[in-house]
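User: I have some questions about how features in this model get their labels. Please set each value against its rule.

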Amino acid sequence: MDKKPRIGVTGNHRSWSPSWWCTKLALILVGAKPERISVKHRWSGNSLDGVIIGGGDDIDPEHYGGEASERDEFDPKRDQLEIEWIKWALENHVPILGICRGAQLVNVVLGGNLHADISNLRKQTYNRPGLLPTKQVFVDRDSDLFTLCGKPKLRVNSLHHQAIKDVGRGLRVVGRDLDSFIQAIESTENKPIYGVQWHPEYLFYLPSQFKLFRWLARLCR
């Protein structure tokens, strides 16, 4: 039997973290061993085969030359922790799945930037956050994400008010919503990187979303 891949999952440090518990369950179901990492959950020191950079607080605009909005809440220690893990994964060719804030931070580490607040820029989508798959993402048919998920249109949830503006080095846009905001990115250099603006950990009961976790576990083996 294959050894279970160990996957580090970054996120907030709160005791009650639904995102962590849902991600943990999804990873267990795909045969992986999740390890929680945050500013209060220190890395065990065990070798990691992959990383998930989770969602949460906004990224401090000092990291991408932006300006803060009135809605922003920052966690500088978390920013630094996750930036270090992203750099480590990139340097060691370790698979990365960036979720919401995580996708944004991967983009920032690679030199991209963000819309600090897209609320007033929306035209065809609404700002109300929700965990249910009520929004649409249109996937590039020539992308690896399309090959993985098998659908040109995905139903997703939405908990964000920031979004990727310009993509970083070695990344390309492979998914957009009705307002053309970037919803998914992947590598142009055949590196194991996906970044999604939604929260698949709350949607792993959908086959197209569960495949993201299966992809990560498969590569980590």
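User: What lines the largest pocket, and which residues lie nearest its centre?

Analyst: The largest pocket is lined by 30 residues. Asn-12, Arg-14, Gly-55, Gly-56 and Asp-57 lie nearest its centre. The rule works on a 1 Å grid over the protein atoms alone: a pocket is an open set of points with protein on both sides within 12 Å along at least five of seven lines, and lining residues have an atom within 4 Å of a point. This is a predicted model, in which local features need pLDDT of at least 70 and side-chain atom pairs count only at pLDDT 80 or more, while totals for chains, interfaces and linings use all residues. Residues are numbered from 1 along each chain as its sequence is written, and side-chain values use heavy atoms, with hydrogens and water left out.

User: Which element gives the largest share of that lining?

Analyst: Helix α1 does, with 4 residues. β1 (6–10), α1 (18–29), β2 (33–37) and α3 (101–109) each supply at least two. Helices (H or I, at least four residues) and strands (E, at least two) are DSSP runs, numbered from the N terminus.

User: What is the volume of the largest pocket?

Analyst: About 530 Å³. A volume here is the space filled by probe spheres set on the grid points, which are joined across faces, edges and corners.

User: Why is Ser-208 called buried?

Analyst: Its relative accessibility is 10%. Buried means under 20% relative accessible area, exposed over 50%, partly exposed in between (1.4 Å probe, protein chains only). Ser-208 therefore counts as buried. The residue lies in helix α5 (residues 207–220).

User: What makes His-93 exposed?

Analyst: His-93 has 61% relative accessibility, so it counts as exposed. Its place is in the loop between α2 (76–91) and β4 (96–99). Phi of His-93 is near 55°, a positive value in a residue other than glycine.

Conventions
1 Å grid on protein atoms, 1.4 Å probe; cavity = no way out; pocket = protein on both sides within 12 Å on 5 of 7 lines; lining within 4 Å.
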